[in-house]
Amino acid sequence: AAAHLAAEQEVENLSGLSPNPEKDIFVVRENRTTCLMAEFAAKFIVPYDVWASNYVDLLTEQADIPLARGAEMKGKCGSNESELEISWLEQAYTLKLFFLKEGHNTSRGQEAFWRLSRIQFIYDTSERTYFKDAVNPRKHTASSHRLSALLTPAGKSYECQAQQTISLVSTDHQKSVQLLLSQVRIQPFDISADFVFSEEHKCPVDQREQLEETLPLILGLILGLVIVITLCVYHIHHKLTANQVQIPRDRSQYKHMG
């Protein structure tokens with residue numbers, strides 16, 4: 001049964017299709033149908049300890065770890081829970097994203113939403129590409145705490161071009177690991193067409209930036225419309241005034257008429 005289930009599930013890293021070398025695209029398919037899609041750029045900022053020159057004191061260095069192209073991935077789709085697992089550099093680094101769909105009471109009644117409910121990042125400080133001479137090198141796990149991110153109405157995809165920062169707490173002396181996400185497009189549930197995102201739900205930052213971009217244009221159009229209306233009213237008023245016959249109020253002026 002497990003072999004049959006594995007045969008029915010396909011996972012694909014389509015990052016090569018993106019012109020942005022920092023952006024990765026992942027697709028999970030079950031029963032020949034796309035059930036999860038994720039497209040984003042990600043980087044981790046990880047603090048770690050090194051020995052000072054006296055080999056007595058400890059100093060804190062910082063590793064900047066990007067999500068590498070060609071990463072291995074696993075996926076799991078469900079009606080209310082979905083997961084995405086991405087590993088790179090021979091599993092020295094593993095990112096796990098957990099999604100949850102649930103109902104919420106709103107002013108319009110009960111509505112369904114999905115959210116990013118949990119993040120785990122496993123990293124190995126003995127890996128030498130990003131960690132240099134770490135003290136006590138070994139694997140650590142950085143996890144989110146009570147996360148409710150990317151909140152999106154059910155049936156829609158989440159989109160956010162702006163950079164978002166999510167803090168994770170590490171097993172390495174409770175150090176704070178920062179996950180930087182940008183150019184995000186994710187949909188873990190209810191994909192209606194194969195390899196196609198559903199209608200997007202933009203994050204508040206993108207909505208605000210879009211409003212800031214379009215507001216001057218809207219104000220300019222309104223101002224132009226007001227000017228046109230004012231000129232039209234003035235022209236009509238001037239024309240009507242010019243065509244009116246001025247009747248003298250002083251009867252002595254009647255002899256000059258005709």
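Student: Leaving aside its neighbours within four places in sequence, which residues is Gly 103 in contact with?

Tutor: This is a predicted model, and every value here is computed from it. In the model, Gly 103 is in contact with Gln 110, Glu 111 and Ala 112, once neighbours within four places in sequence are set aside.

Student: Where is Gly 103 found?

Tutor: Gly 103 belongs to strand S7, which covers residues 93-106. A related pair is Gly 103 and Phe 113: they are ten residues apart in sequence, and their C-alpha atoms are 6.1 Å apart in space.

Student: Is Gly 103 buried or partly exposed?

Tutor: The relative accessible area is what to read. Buried means under 20%, exposed means over 50%, and partly exposed is in between. Gly 103 has a relative accessible area of 41%, so it is partly exposed.

Student: How does Val 50 count at its relative accessibility?

Tutor: Val 50 has 8% relative accessibility, so it counts as buried. Its place is in strand S3.

Student: How many helices and strands are in the chain?

Tutor: The chain has two helices and 14 strands. Of its 258 residues, 38% are buried. Its accessible surface is about 16,100 Å², and carbon and sulfur atoms hold 54% of that.

Student: What share of the contacts with a separation of 6 or more comes from residues 24 or more positions apart?

Tutor: The share is 54%.

Student: What is a disulfide?

Tutor: It is a covalent bond that joins the sulfur atoms of two cysteines. To find one in a model, look for a pair of cysteine sulfur atoms within 2.5 Å. By this rule there are two disulfides here.

Student: Which cysteine forms a disulfide with Cys 35?

Tutor: Cys 35 is paired with Cys 77, and their sulfur atoms are 2.0 Å apart. This pair links distant parts of the chain, 42 residues apart: Cys 35 is in strand S3, and Cys 77 is in the loop between strand S5 (72-76) and strand S6 (81-88). Both Cys 35 and Cys 77 are buried.

Student: Why is the disulfide of Cys 35 and Cys 77 called right-handed?

Tutor: Read the torsion about the S-S bond. For Cys 35 and Cys 77 it is about 75°, so the disulfide is right-handed.

Student: Which cysteine does a disulfide join to Cys 160?

Tutor: Cys 160 is joined to Cys 203, with an S to S distance of 2.1 Å. Cys 160 lies in strand S11 (residues 157-160) and Cys 203 in the loop between strand S14 (200-202) and helix H2 (204-243), so the bond ties together parts 43 residues apart in sequence. The torsion about the S-S bond of Cys 160 and Cys 203 is about 65°, so this disulfide is right-handed. Cys 160 is buried, with a relative accessible area of 2%, and Cys 203 counts as buried at 1%.

Student: What pattern do the disulfides of the chain follow?

Tutor: Count the bonded cysteines along the chain, and the pattern is 1-2, 3-4.

Student: Which residues line the largest pocket?

Tutor: The lining includes Pro 21, Glu 22, Lys 43, Pro 66, Gln 163 and Gln 183. The largest pocket holds about 150 Å³ of space. Strand S3 (33-51) and strand S13 (176-187) each supply at least two residues of its lining, and S13 gives the most, with four. By residue type, the lining divides into seven nonpolar, three polar and two charged.

Student: What is the phi of Gln 183?

Tutor: Gln 183 has a positive phi of about 50°, although it is not a glycine. Its place is in strand S13, and with a relative accessible area of 21% it is partly exposed. Leu 150 is also a residue other than glycine with a positive phi, near 55°. Leu 150 is found in strand S10, residues 149-153, and is buried, with a relative accessible area of 6%.

Terms used
Residues numbered from 1 in each chain as written. Predicted model: local features only at pLDDT ≥ 70, side-chain atom pairs only at ≥ 80, totals over all residues. Heavy atoms only, no water. 1 Å grid on protein atoms, 1.4 Å probe; cavity = no way out; pocket = protein on both sides within 12 Å on 5 of 7 lines; lining within 4 Å. Points joined across faces, edges and corners; volume = space filled by probe spheres on them. Nonpolar A, V, L, I, M, F, W, Y, C, P; charged D, E, K, R; others polar. Buried < 20%, exposed > 50% of the residue type's maximum accessible area, 1.4 Å probe, protein only. Contact = heavy atoms within 4.5 Å. Areas by Shrake-Rupley, 256 points an atom, 1.4 Å probe, with all protein chains shown as cover.
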